[in-house]
Amino acid sequence: MADDAPVRYDTPEDEVFIRWQWQDAKLGRMTCECGHQMPLRFAYRCYFCHAYFCSDCAPVHFGKTRAEWQAKKDTANTGAQDDEAGH
Ligand SMILES: [Zn+2]
Ligand SMILES: [Zn+2]
C-alpha cells in the first residue's frame, strides 16, 4: 500500500487545494473547504479525492451520513447479498 499513490484531480484548482490541506495536515490541523478549522484527528478524508472535510461537510461530500451508512451496513449483514463490488 503505497502512501504516495498517484491521485487524480478533477481540476488544477483541486490539486492546489488538496496540496494546501496536506501542508496543514503536517502541522496536525485541518481546514475544511467551508473554512472550518479543526484538529487533524477530527477531519474526515475522502477516499476518492483525498480532500479532508469537517463533520458537517463530510456527509454532504460523501453523500451519506454515518447513521445512513450504519443502517445500510446492518441491512447488508442481515441480507448477506451486498457483495462489495466484487472482483
Ligand atoms: Zn471526495
Ligand atoms: Zn466543512
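Analyst: Two residues are in contact here if their C-beta atoms, placed from the backbone, lie within 7 Å. This is a predicted model, where local features need pLDDT of at least 70 and side-chain atom pairs 80 or more, while totals for chains, interfaces and linings use all residues. Residues count from 1 along each chain as written, and chains are lettered from A and ligands numbered from 1 in written order.

User: Which residues does Tyr52 touch, leaving out those up to four places away in sequence?

Analyst: Tyr52 belongs to the largest nonpolar core, together with Met30, Cys32, Ala43, Ala51 and Phe53. Once residues up to four places away are set aside, Tyr52 touches Gln21, Met30, Cys32, Ala43, Tyr44 and Arg45.

User: Is Phe42 buried or exposed, or something in between?

Analyst: Phe42 sits in the loop between β2 (37-39) and β3 (44-45). Buried takes 20 or more other C-beta atoms within 10 Å and exposed takes 12 or fewer. Phe42 has 13, so it comes out as partly exposed.

User: How far apart are the C-alpha atoms of Phe42 and Phe53?

Analyst: Along the chain, Phe42 and Phe53 are 11 residues apart.

User: What span does helix α1 reach?

Analyst: Helix α1 covers residues 12-26, 15 residues in total. At 1.5 Å a residue, 21 Å is expected, and the model comes close to that. From first C-alpha to last, α1 reaches 22 Å.

User: What is the phi of His50?

Analyst: His50 lies in the loop between β3 and β4 (52-53). Most residues other than glycine have a negative phi. His50 is not a glycine, yet its phi is positive, near 65 degrees.

Notes:
A nonpolar core is a set of buried Ala, Val, Leu, Ile, Met, Phe, Trp, Tyr and Cys residues joined through C-beta atoms within 7 Å. Helices (H or I, at least four residues) and strands (E, at least two) are DSSP runs, numbered from the N terminus. The expected span of a helix is 1.5 Å times one less than its number of residues.
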